[in-house]
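I record here, entry by entry, what I looked up in this structure. Each entry keeps to one topic.

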Amino acid sequence: MKRLHVHVSVKDLPASIRFYRTLFAAEPVVTKPDYAKWMLEDPRVNFAISTQRQPVGINHLGFQVDTDEELHGMRAQLEAADARMVAESEQPCCYAKSDKYWVTDPTGIAWETFHTLGSIPVYGEDTRVFDHGESVVPVENPAAACCVPAQRP
């Protein structure tokens, strides 16, 4: 079963946690100094916020799947939506290691489809990021944090 994934970049994490804790009437399931995540059941959403050097606002959207088979089953659909789909294996990001597929919508919003393999003690590796809303091509930005795909070789 798929779960909608929304990741928002925020400026003030404590204020944002207070806001979303009240809005969702739920505590985050993961809280780190630069990140928080809620796994909501109604609606079924993985909602994450972070302060990882991305522009404030929607960082990326996506789908979290429960199994590797579900992830591989989505590949053809994602490639049909964006022939430049990027595949990543065991990618460390957001205090987790995941297998992922990335596509970009026509406005430049990155969509991540992923299966989480396990948790890790760090946010993750820096990668090149999409210029959200302005370009569908990854841009050079060595200081940018993880969670949007590296450019395909």
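Are E112 and K100 buried or exposed? I found that E112 is buried and that K100 is buried too; buried means under 20% relative accessible area, exposed over 50%, and partly exposed in between, with a 1.4 Å probe and protein chains only.

**Basis of the entries**

I note that the model is predicted: local features need pLDDT of at least 70, side-chain atom pairs count only at pLDDT 80 or more, and totals for chains, interfaces and linings use all residues. Residues are numbered from 1 along each chain as its sequence is written, and side-chain values use heavy atoms, with hydrogens and water left out.

**Salt bridges**

I looked up the salt bridges (a side-chain nitrogen of Lys or Arg within 4 Å of a carboxyl oxygen of Asp or Glu). The structure holds seven of them. One of these joins E112 to K100, with the closest N and O atoms 2.8 Å apart. This pair links distant parts of the chain, since E112 lies in strand β8 and K100 in strand β7, twelve residues apart. Helices (H or I, at least four residues) and strands (E, at least two) are DSSP runs, numbered from the N terminus.

I then turned to E27, whose side chain meets that of R21 in a salt bridge of 2.9 Å, N to O. R21 has 30% relative accessibility and therefore counts as partly exposed. I also recorded a network of salt bridges that links R3, E41, R44 and D66.

**Helix α2**

I checked the length of helix α2, residues 68–81. The expected span of a helix is 1.5 Å times one less than its number of residues. For the 14 residues of α2 this gives 20 Å, and the end C-alpha atoms are 20 Å apart, so the two values agree.

Where is the kink in α2 centred? I found it at R75, with an angle of about 35 degrees; the bend at a residue is the angle between axes fitted to the seven residues ending there and the seven starting there. R75 also forms a salt bridge with E79 (3.3 Å, N to O). Both residues lie in α2, four residues apart, about one turn of the helix. E79 is partly exposed, with a relative accessible area of 34%, and R75 is partly exposed with 34%.

The buried residues of α2 include L71, M74 and L78. I noted that β5 (57–64), β7 (96–104) and β8 (110–119) are among the elements that cover the buried residues of α2, where contact means heavy atoms within 4.5 Å.

I looked up strand β3, residues 35–41, and found five of its seven residues buried, so the strand is largely enclosed by the rest of the structure. Two strands pair if DSSP finds at least two bridges between them. Strand β2 (residues 30–32) pairs with β3 in the antiparallel sense over three bridges, and V30 has K37 as its bridge partner in β3. A hairpin of two residues joins β2 to β3.

β3 is also joined to strand β4 (residues 44–50), antiparallel, by seven bridges. E41 stands opposite R44 in β4. The hairpin formed by β3 and β4 has two residues between the strands. P43 is found in the loop between β3 and β4, and a cis peptide bond joins D42 and P43, with omega about 0 degrees.

**Positive phi values**

Most residues other than glycine have a negative phi, and most peptide bonds are trans. I noted E90, in strand β6 (residues 86–93), with a positive phi near 50 degrees. C94, in the loop between β6 and β7, has a positive phi near 60 degrees. C94 is buried, with a relative accessible area of 11%.

**Aromatic pairs**

How many aromatic pairs does the structure hold? I recorded eleven. Rings of Phe, Tyr and Trp (its six-membered ring) pair if their centres lie within 6.5 Å; planes under 30 degrees apart count as stacked, over 60 as edge-to-face and the rest as tilted. The rings of F63 and W111 have centres 5.6 Å apart and planes at 35 degrees, so this pair is tilted. The pair links distant parts of the chain, F63 in strand β5 and W111 in strand β8, 48 residues apart. F63, at 28% relative accessibility, counts as partly exposed, and W111, at 26%, counts as partly exposed as well. I also noted a cluster in which ring pairs link F19, Y20, F24, W38 and F47.
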